[in-house]
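User: Could you walk me through this model, starting with the charges and then going on to the packing?

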Amino acid sequence: RFDTDDMIFKGMAVASMVCVAGMADGIPNGFDGSHNTFATFYAIIRIVLIAKYLRAFFSIKSKKRILSCFIVGFSAGAIFWAISAANSSAWWLCIPGLVFDYGTPFALLPIMPPVHKQHLPERFACIAVLCMAGNLFAATLIDSSQRP
């Protein structure tokens, strides 16, 4: 919504993608009782998102109110996730973290700026490409596991 499409923004996007891979790596550990890897990478993703909103906050004067609300709400969620990541027995702190992460945008719907209609087809196309790539990857894994 507030992207600048410069090298810093693209670097932040790559950092988020790397963190998603780290989260995926941490999923099996979560079933063994250790959520730290997943929570750490999720907290980093949220911190990167907060940094994006801070950049927009200092650049877009007309949207300071909504941006400050996003920064506060997402920062509260990131704090819960970071504390949860630092303490393996505090897995339950992920729950209020998720409440802030998902609740903040819904709480701000009345003052939310409208979505750019030209971005919607692009977003749906990206989702479709990701789904096709995921299915292709899964099919490759199935095929390779059935070889003698």
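This is a predicted model: local features need pLDDT of at least 70, side-chain atom pairs count only at pLDDT 80 or more; totals for chains, interfaces and linings use all residues.

User: How many positive and negative side chains does the chain have, and how far apart are the centres of the two sets?

Analyst: The chain carries 12 positive and 8 negative side chains, with the centres of the two sets 14 Å apart. Residues are numbered from 1 along each chain as its sequence is written, and side-chain values use heavy atoms, with hydrogens and water left out.

User: OK, and the overall fold: how many helices and strands?

Analyst: There are 5 helices and 0 strands in the chain, where helices (H or I, at least four residues) and strands (E, at least two) are DSSP runs numbered from the N terminus. The C-alpha trace spans about 65 × 40 × 30 Å along its principal axes. Residues 24 or more positions apart make up 65% of the contacts in the chain with a separation of 6 or more, contact meaning heavy atoms within 4.5 Å.

User: What share of the residues counts as buried?

Analyst: Of the 148 residues, 28% count as buried, a class that means under 20% relative accessible area, with exposed over 50% and partly exposed in between (1.4 Å probe, protein chains only). The chain exposes about 9,800 Å², and carbon and sulfur atoms supply 72% of that area; accessible areas come from the Shrake-Rupley method with a 1.4 Å probe, and for residues only the protein chains shown count as cover.

User: Which residues touch the most other members in the largest nonpolar core?

Analyst: That core has 13 residues, and those touching the most other members are Phe2, Tyr53, Ile66, Leu67 and Phe70. Helices α2 and α3 (64-86) each supply at least two of the core's residues, and α3 gives the most, with 6 residues. A second, separate core of 9 residues includes Met23, Tyr42, Ile45 and Ala85. A nonpolar core here is a set of buried Ala, Val, Leu, Ile, Met, Phe, Trp, Tyr and Cys residues joined through side-chain atoms within 4.5 Å.

User: And what does Tyr53 touch?

Analyst: Leaving out residues up to four places away in sequence, Tyr53 touches Phe2, Leu67, Phe70, Ile71 and Phe74.

User: Switching to Ser16, why does it count as buried?

Analyst: Ser16 counts as buried because its relative accessibility is 14%. This residue sits in helix α1 (residues 7-31), and, apart from neighbours within four places in sequence, Ser16 is in contact with Ile45 and Val48.

User: What about Leu49, where is it?

Analyst: Leu49 is in helix α2 and is partly exposed, with a relative accessible area of 22%. Leu49 and Ser75 are 26 residues apart in sequence and 9.5 Å apart in space, C-alpha to C-alpha, whereas Lys63 and Leu49 are 14 residues apart in sequence and 16 Å apart in space, again C-alpha to C-alpha.

User: Which residues is Lys63 in contact with?

Analyst: Setting aside neighbours within four places in sequence, Lys63 is in contact with Phe2 and Pro113. Lys63 belongs to the loop between α2 and α3 and is partly exposed, at a relative accessible area of 30%.

User: Last one: which side chain makes a polar contact with Asn36?

Analyst: The side chain of Ser34 does, in a polar contact of 3.4 Å with that of Asn36. A polar contact is a pair of N or O atoms within 3.5 Å; within protein, one must be able to donate a hydrogen and the other to accept it, and residues adjacent in sequence count only if both atoms are side-chain atoms. Asn36 lies in helix α2 (residues 36-59), and, not counting residues up to four places away in sequence, Asn36 touches Ser84, Ala85, Ala86, Asn87 and Ser88.

Terms used
Lys and Arg count as positive and Asp and Glu as negative; His and the chain ends are not counted. The place of a charge is taken as NZ of Lys, CZ of Arg, CG of Asp or CD of Glu.
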